Amino acid sequence: MKFVEITQDGAALLQGKVDDYAGIFTSDVDTCVVRAFYGAEGLVVIHDTGQLSIVSIESLLRNIGQISACHIAHQEKYAGSPQYSEHQQRTKELQEICKTNEAPNYLNIPSGQVYFRLDGHLQSGFSATDFIITPPDVRVRDMINIINNLFSPRNSQSIPLDIQFKDGNFQPPPRLLLSKEKIRYRANKELNRGDKDYMDNYRIAESMGIFA
């Protein structure tokens, strides 16, 4: 079976009538949660850091019709963290949008990876007959998402959803939300405050040609 892979801040839409994939896979789930929505017309899976725009999630969910089930995959060891409380609030908002009477089904994934099959079955691991299809230019896509996430205000929930797979095909990488000049200015500002993370990621992005 073939599985579409998505990465952080990314999403995929599968619809059986057009897609030759068994489901959607994601990994490296740490303090994020993975949201899977089963609807009358397909499956949407989102690797949610908590910074994604609710409006952009709602827009994608319109493609799958009436939603019948929602699964949330997470690592239970982070359930008491402040970030997890923010995820719970987002879950309440999304439940209102989805208009489903069913409470989400929570899945603990200590391995940090999870598969959701289009046929509704949940798959806990990889088998010898499975194939994971990774998005093209995945390193560039990941770096753009890291920069967009890091340089957005904390808990702004303003990042557009990176729809990585839709209409039977992988989609182009997202665009940077800020100019190179604004990103460098912020990186320098944080570096002067003693936080190297912004500058380190800026330099990695620059070395990869992200700003070209």
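**A walk through the fold**

The secondary structure of this protein comes to five helices and twelve strands, both taken as DSSP runs numbered from the N terminus (helices: H or I, at least four residues; strands: E, at least two). The radius of gyration is 17 Å, close to the 17 Å that the globule rule gives for 212 residues, so the protein is as compact as a globular protein of that length; the radius is taken over C-alpha atoms, and the rule is 2.2 Å times the number of residues to the power 0.38. Please keep in mind that this is a predicted model, where local features need pLDDT of at least 70, side-chain atom pairs count only at pLDDT 80 or more, and totals for chains, interfaces and linings use all residues. Residues are numbered from 1 along each chain as its sequence is written, and side-chain values use heavy atoms, leaving out hydrogens and water.

Now look at strand S6 (residues 67–74), which runs parallel to strand S7 (residues 105–108) and is joined to S7 by four bridges; strands pair if DSSP finds at least two bridges between them. His74 has Asn108 as its bridge partner in S7. Together with helix H2 (residues 82–98), S6 and S7 make a right-handed β-α-β unit: with the strands pointing away from the viewer, the path from the first strand over the helix to the second runs clockwise.

What about the cysteines? A disulfide is a pair of cysteine sulfur atoms within 2.5 Å, and by this rule the count is zero. Cys32 is in no disulfide, with the nearest cysteine sulfur, that of Cys70, 16 Å away. The sulfur of Cys98 is 6.1 Å from its closest cysteine sulfur, in Cys70, too far for a bond. Cys98 is buried, at 9% relative accessible area (buried means under 20%, exposed over 50%, partly exposed in between, with a 1.4 Å probe and protein chains only).
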